Amino acid sequence: MDIQIIDTGYFYADGGAMFGAIPKTAWSRRYPCDEANGCVLAMRSLLVRTDDGHVVLVDNGAGDKQLKRLSYYRFFGLIDLGERLRELGVAPEEVTDVVLTHLHFDHCGYTTRYDAEAGRCLPSFPNATHWVSRRQWENFLSPNALERDSYFEENMRAVADAGLLRLIDSDTALCDTVELRLYDGHTPGQIVPYLRTPERTFVFAGDVIPLVASLSPEWISAYDTYPVTSYGEKIRMLEEAAREGQALFYCHDAYTFCSTVKRVGDYYKKDKVLSAGKPAEPSGKTGASSLE
């Protein structure tokens, strides 16, 4: 299996929103912010090529269709994901599977692109099966009040109309080395891919644990719609990761991409950092990183 990290771009989120009830005096020691309390967050995607021929894309960032409506997030460093994939040797038509952890705009915006000639949105990956949990899809179609502003129909409708959507109801094997597990809390039915390699299992934690600073189970984002559930789901993920030596990908951490974790008493902490970097400046470019 070949795993490559692609940062599709960055945005600013309010630190109070990202860390919920945790006071700034605590969270600012773990994650930097600017004078307006803005924390730089990545929109991380994975390109996974398996030995049995699957070309899997996990999440795909915000795209460019809603940037004006979402300008308060101050997006920067955005890339054209299709072009980046070509640089990595994969045409969008060659992607066999798109795994969408959930359907908030910063995870699925590039799923479709606006085609001016056709006058409508078209699937960006026209030959791919798009994996979404049924509960997340139902929540997308009839969102609760707290998530309504995070969903945009144009990000997904063309995929559903083209028959490219596959809904799952429980933990499911995409192939022999890629398992899709369901986690609740942040949003109903979030998919977490588990990628098994001979060395270790890699877990794309998504918004279950979006940052290294979120490893503490009590550090729960205000964006999580069911925080008590989030707490239990984080413990479930972390216990197995620490016990089995699994590595977590952090989808929003602009500074640490991937690490193992360890349990110290009742706490969980970062152990070995497997991939790290520095976010682009607002006028700079982003790129891709392979695991070390």
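The radius of gyration of the protein chain in this predicted model is 18 Å, which agrees with the value near 19 Å that a compact globule of 292 residues would have. Taken along the principal axes, the box filled by the C-alpha atoms is roughly 55 × 45 × 35 Å. The secondary structure comprises 7 helices and 16 strands.

Among contacts with a separation of 6 or more, 68% are made by residues 24 or more positions apart. Of the 292 residues, 58% count as buried. The accessible surface comes to about 12500 Å², and carbon and sulfur atoms contribute 47% of this area. With regard to charge, the chain carries 31 positive and 42 negative side chains; the centres of these two sets lie 4 Å apart.

At the residue level, Ala205 was considered in its local setting. Ala205 lies in the loop that runs between strand E12 (201-204) and helix H7 (227-244). The relative accessible area of Ala205 is 0%, and the residue is therefore classed as buried, the cut-off for this class being under 20%. When residues up to four places away in sequence are not counted, Ala205 touches Gln190, Val192, Met237 and Phe249.

Conventions: Residues numbered from 1 in each chain as written. Predicted model: local features only at pLDDT ≥ 70, side-chain atom pairs only at ≥ 80, totals over all residues. Heavy atoms only, no water. Helix = DSSP H or I, 4+ residues; strand = E, 2+ residues; numbered from the N terminus. Rg over C-alpha atoms; globule rule 2.2 N^0.38 Å. Buried < 20%, exposed > 50% of the residue type's maximum accessible area, 1.4 Å probe, protein only. Contact = heavy atoms within 4.5 Å. Areas by Shrake-Rupley, 256 points an atom, 1.4 Å probe, with all protein chains shown as cover. Lys, Arg positive; Asp, Glu negative; His and termini not counted. Charge placed at Lys NZ, Arg CZ, Asp CG, Glu CD.
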